[in-house]
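Welcome to my notebook. I opened this structure to get to know one of its chains, and here is what I looked up.

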Amino acid sequence: MAPNRRGTAGAPGGAPAPPPLPGGSLVRNGSPAGQLVKIAVLGLAAALALWAAFPLYAAGNWIGISVVAGVTALIFYVYLSPRRVPVKYLLPGTLLLIAFQILPVLFTVSTSVTNFGDGHRGSKEEAIASIEAASVERSADSVDYALSVAAVGDPAGGELVFLLTAPDGTSYAGDAEGLTELAPGDATVSTAGRITEAEGYVVLTAAEVSARGEEIAAFAVPTGGGSGIRSSGLSAAYEGSATRAYDEECDCITDSASGAVFTADDERGVFVDEAGQRLPQGWQVDVGWSNFTKVLTDPSVNASFFGILAWNIAFAAGTVLLVFVVGLALALVMHVQGLRGRTAYRILLVLPYAMPSFAMFLLWRDMFNADFGLVNRMFGLDVDWLGDPWTARAALLLVNMWLGYPYLFLVATGALQSIPRELVQAARIDGAGAWQAFRHVTLPLLMVAMTPILVSTFAFNFNNFNAVYLMTEGGPFPPGNPMAGATDLLITYTYRLAFGGQGAQYGYAAAVSVFIFLIVALISLVSLRQSRSLEEVH
Amino acid sequence: MKIRSASVFTGAAALTLLATACGGGDTGGETQAAAEDAMVIWADDERTDVLLPFAEEFGDAHGVEVEVQAVPNDELQSSFVTAHQAGSGPDIVVGAHDWTGNFVQNGAIDPIQLPQDTVEAFAPTAIEAVTYNDQLYGVPYAMENLVLIRNTDLAPEEPASVEEMVEAGTGLRDAGDVEEIMGLQVGQVGDPYHIHPFYTSAGGYLFGRDDNGDYDPTDLGVGTDESIAAFERIAELGEEGSGALKRSIDDQNVASLFNDGRTAYFVTGPWSLPDIRTAGIPYEISAVPGFEGGEEARPFVSVQTFYVAAGGANKVLAQEFVTNYVAKPELAVALYESDPRPPALTAALEQIGEDDPDLAKVVAAGENGDPLPAIPQMAAIWDPFGKAEASVIGGADPEETVTAAGETIADQIG
């Protein structure tokens, strides 16, 4: 493994060469298998880059293409470099970190400053198109024409013509200029009433119509007064007019039927009339920090936020405490030497861990049912478990403990086995009681291994959406506030705020997510610091 | 913003592909090309199989390819809106009519122009349901509404009012014949759909109607004196009252209560009938009764609908399919056979009604029903209204609870 090439990872002359990196033989020149693997992986990267680039090119997304090109170039540069650089080992992980951690966070933050959500998804142009298309109304005296779509000359590119048969049997040809009556001899009308052939026109097949679908959907044979004959599918047409039209000069939409004028409000992304009535179709706009200030200043949020935060912390901390105490206690019992049937007990103990938690929460919810639930029936109780704030919280913690202790039991069992029994024996010889030996010898050693697990358990349960949503949906709710329930976590509360009311509000949800992210980050930071100081003690 | 987020997405997608090294790069292009030519219909799993032969027939008749794709029903609405926005949506989507408002505000569907004689072939309530802002936005194919199903062994007489039903149910419970007075799902967070007949009978309403008969989002009925009075009557049936309505009865256990003979009355829809028949309970169907001296009990009527996507690649074909094909009685009958809800087409209903007498009873029970509001503001109702219902049934003060729910809803509607 001695370096056989000049220059080693930028080491200055005279400095000792760094030790060879693990796995270096895979990329070393000379190993044919390693070279083959390298060629295959790089080829795959190139193929994937091409595969990703074509749709991006079709969409004209130059930024996307440059990102793909840049990443691919970086991969090739790094792995074709003859030097043995550590970035060869870091690159896959770094790319994954960027793709799955940093980009989602950046995307969440960028969403949080918009009003993205139902009614504000697309661009202003899309909203205008949708408003105009939705306002096409059938004229009061409209008749139903039988329709054949035809073209002059080339079916794929020739000028569109609607061949129409009125209910009285008269045939017309309609183009962008207007209607022309066809002489009875010029057109062949089928028994269904549609024109199948006409002099000078090519009747399009369904596939040909479909190919020109957008053009046909936008096509109208003008009949005067702003109205026109439009298609309703392949075989029928009607006379109608769009009552709403966009006017660029006033940046507004005028309704010709009612005379109402809806002016664009570019701050909210909606068209509103003077009375404050808005059109349903809006568009996405940047709203700055208003989603964040809304979280902070909305009185209905403020009133319940701290109560929920307190329960949220209590829930996560309570869960950690319960699963730790129960898991550790069981591990200690199982650790007793000479216990018979230990394997069978262990399997029984980790059983809840093997169950899908999704189904278990629903099952437990039914078991806590006040009238039909197993818990009340078995113990002869009459407790309204999920209907009272404190019993609902207790039930939730119990179930969460039931699902969570096996993991801590497994971890504690492993950690206990790594602590030499001699240490405890020595303490006992020195005169310590069983409790003292556990408290001052076993537990501190255990905590070194367990603290990171406890921190991650805390972080996981801090956002344990499934547990709360499937068991109680955040309830029970106080009569005066249907938005914040007794068992709501910040995440279930956010979910309700963002998706419970006016449909989906991704912008607002993203803002609250950023707050939760900050809270969890802060708590994790503090507790990890604590655990580091714990390690330093030993 | 759009460009930035798009590049973030594509960058992430490219990195994902590179990182996970998922193969099959060259087949991807081909399937995409095929999907662009074909007309695509999205429906839930149950309806997909039924639609397939009809889609094939339509495709053969017009020389085009038609694909029917199954999307789980609870994700259908949001998946469609998201896919439409991304430009990869279907041409036709099949779903409940109360999605209309949300689809329209997101510009995801196009209005549909039906000839007058086709409109008249449908039940008027069905047409009313799919009309939003004076525009027809979908073609209905089936309707459903709540009914009262009673166990004729235990309760041979049809109750004329809620009070009669509760009295008879209480008698049966006290005699030990049943466990519960009646089966109406409430749950810990309530169920606005199932309580609606009781709520309207006691005088409550959700949204007022404007001059055209459309729901008016500015006239919110929750939190008004009428709604408080209605919840006071519902509270009398609750846990502190007669005990007919309980939070412990929810969507999970209500059907087994009735199917095991543990209650004599069951407020539910036609979807429960297959299980009741399997359980062998002798039953009779009638309209959900109202309170004595109250107004009519009006259940929600919801309508299953075919929508034409605004962003579809085959809009003309899609229009053709829904305007000329969905109105065919054969399709309605086939859909009925896979899922026994009354067809919206009067002709299909008559055809099936001859063999299935229950169907006419379900339809009769829904005749005075309210179409489920399709306005986007309805989304703000469900959650707070349901919780108010659960609280009041659990014994909370109706005035305080309903006022708070009304304020929350008004806040969200903005």
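**Getting to know chain B**

I began with the secondary structure: chain B has 18 helices and 13 strands. Next I looked at the radius of gyration, which is 23 Å, close to the 22 Å that the globule rule gives for 414 residues, so chain B is as compact as a globular protein of that length. I kept in mind that this is a predicted model.

For the extent, I noted that the C-alpha trace of chain B spans about 70 × 50 × 50 Å along its principal axes. I also checked burial, and buried residues make up 61% of the 414 residues in chain B.

**A negative patch**

Which residues form the negative surface patch? I found B:Asp225, B:Glu226, B:Glu232, B:Glu236, B:Glu295, B:Glu296, B:Asp397, B:Glu399 and B:Glu400. Helix H10 (225-236) and helix H18 (398-413) of chain B each supply at least two residues of this patch. H10(B) gives the most, with four residues.

I picked out B:Glu295, one of the patch residues. B:Glu295 lies in the loop between strand S11 (283-286) and strand S12 (300-308) of chain B. I wrote B:Glu295 down as partly exposed because its relative accessibility is 45%, between the cut-offs of 20% and 50%.

**Back to helix H10**

Technical notes. Residues numbered from 1 in each chain as written. Chains lettered and ligands numbered in written order. Predicted model: local features only at pLDDT ≥ 70, side-chain atom pairs only at ≥ 80, totals over all residues. Heavy atoms only, no water. Patch = residues over 30% accessible without salt bridge, like charges linked within 9 Å, V, L, I, M, F, W, Y side chains within 5 Å. Areas by Shrake-Rupley, 256 points an atom, 1.4 Å probe, with all protein chains shown as cover. Salt bridge = Lys/Arg side-chain N within 4 Å of Asp/Glu carboxyl O. Lys, Arg positive; Asp, Glu negative; His and termini not counted. Charge placed at Lys NZ, Arg CZ, Asp CG, Glu CD. Buried < 20%, exposed > 50% of the residue type's maximum accessible area, 1.4 Å probe, protein only. Rg over C-alpha atoms; globule rule 2.2 N^0.38 Å.
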